[in-house]
Amino acid sequence: MAAVTTTQQTGAARPASSWRRRLGSARIYVGALIVFLWGLGPFYWMAVTAFRDPAYTFDPTPWPTHVTLDNFRDAFDTSRGNDFGRALLNSVIIGTATTAIALVIGIMAAYALARLTFKGRYLVSGLILSASMFPVVVLVTPLFQLFTDIGWIGRYQALILPNISFVLPLTVYILASFFAELPWELEEAARIDGATKVQAFRLVMLPLAAPAVFTTAILAFIAAVNEYLLARVLSGSETEPVTVAIARFSGNNPLVEPYAAIMAAGTLVTVPLVILVLVFQRRIISGLTAGGVKS
């Protein structure tokens with residue numbers, strides 16, 4: 001009799017446990033869906049508006065209606081003083097130069113912080129990280145005065161150098177954590193085989209750090225392209241990036257904001273970056289979490 005009772009209790013516990021697991025899984029999926037819609041919803045609405053006829057810009061229909069490509073043609077139309085094509089090229093130049101220089105400096109600095117033992121190493125790391133928390137708005141006036149004195153206003157270097165200082169702390173932080181987790185034995189084996197320190201770093205350690213370098217490059221490029229405040233003050237008509245160009249878009253009527261053309265321009269800039277992050281999200285996450293667990 002006792003055995004029958006125990007069996008019945010076990011059978012009753014299994015459906016309850018299964019129901020709890022299903023409820024927990026449902027909560028996870030619902031939460032993920034909410035985060036997904038919250039994050040990508042604005043981008044979706046921007047793309048829908050970009051393909052919609054300007055007369056129906058404020059149509060609340062959640063899918064494309066009155067589809068047209070006129071908004072994209074208007075975005076590249078230079079007859080109204082807009083030069084979006086040039087702004088795109090400027091953003092690519094600024095973002096690429098910023099990323100390349102930040103990676104070269106960041107890789108060397110991160111490797112030194114991770115591999116070398118010297119006095120003040122942790123102080124240097126703290127100063128590098130604290131630089132990323134410095135408010136950008138405080139730098140606008142000093143940089144404007146400095147670049148005016150040396151004749152850099154409206155030139156690429158006036159935008160590239162400040163961007164490097166903004167993305168370099170993140171570069172050093174990610175790569176230093178990754179280099180710290182790479183085994184010393186690999187470098188020592190290369191040295192025993194006759195490689196110099198530079199060769200061991202370039203031929204052995206740097207290829208192993210490729211995931212973290214790739215992650216850092218994507219994040220640095222996105223940060224450089226998205227910068228607006230300094231670009232608005234320090235750029236000129238020939239060097240302004242897309243963030244500034246979109247903000248000063250003008251339409252047929254100077255009293256009416258060209259929302260549809262702005263949405264089209266924003267789609268051309270933002271959606272490729274979103275797709276890039278979604279495609280390489282696993283590598284980005286692995287690079288960001290590298291060094292997070294001590295072995």
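Trainee: In which crossing, left-handed or right-handed, does α6 pass α9?

Mentor: The model is predicted: local features need pLDDT of at least 70, side-chain atom pairs count only at pLDDT 80 or more, and totals for chains, interfaces and linings use all residues. Residues are numbered from 1 along each chain as its sequence is written, and side-chain values use heavy atoms, without hydrogens and water. Helices (DSSP runs of H or I, at least four residues) and strands (E, at least two) are numbered from the N terminus. A crossing is left-handed if the near helix is turned anticlockwise from the far one by less than a right angle, and right-handed if clockwise; the crossing of α6 past α9 is right-handed.

Trainee: How is α6 oriented relative to α9, roughly parallel or roughly antiparallel?

Mentor: Helix α6 (residues 157-181) and helix α9 (residues 210-226) have axes 10 Å apart and pack at about 160 degrees. Axes are lines fitted to C-alpha atoms, for helices over the stretch in contact, and angles between N-to-C directions run from 0 to 180 degrees. Under 35 degrees counts as roughly parallel, over 145 as roughly antiparallel, 65 to 115 as roughly perpendicular and the rest as oblique. Therefore α6 is, relative to α9, roughly antiparallel.

Trainee: How is α3 oriented relative to α8?

Mentor: The axes of helix α3 (residues 84-115) and helix α8 (residues 197-208) come within 13 Å. I107, Y111 and R115 of α3 meet F201, M205 and L206 of α8. The axes cross at roughly 85 degrees, so α3 is, relative to α8, roughly perpendicular.

Trainee: Does T243 count as buried or exposed?

Mentor: T243 is found in helix α11 (residues 242-247). Beyond its neighbours within four places in sequence, T243 is in contact with V225, N226, E227 and Y228. Buried means under 20% relative accessible area, exposed over 50% and partly exposed in between (1.4 Å probe, protein chains only). Because its relative accessibility is 19%, T243 counts as buried.

Key
Contact = heavy atoms within 4.5 Å.
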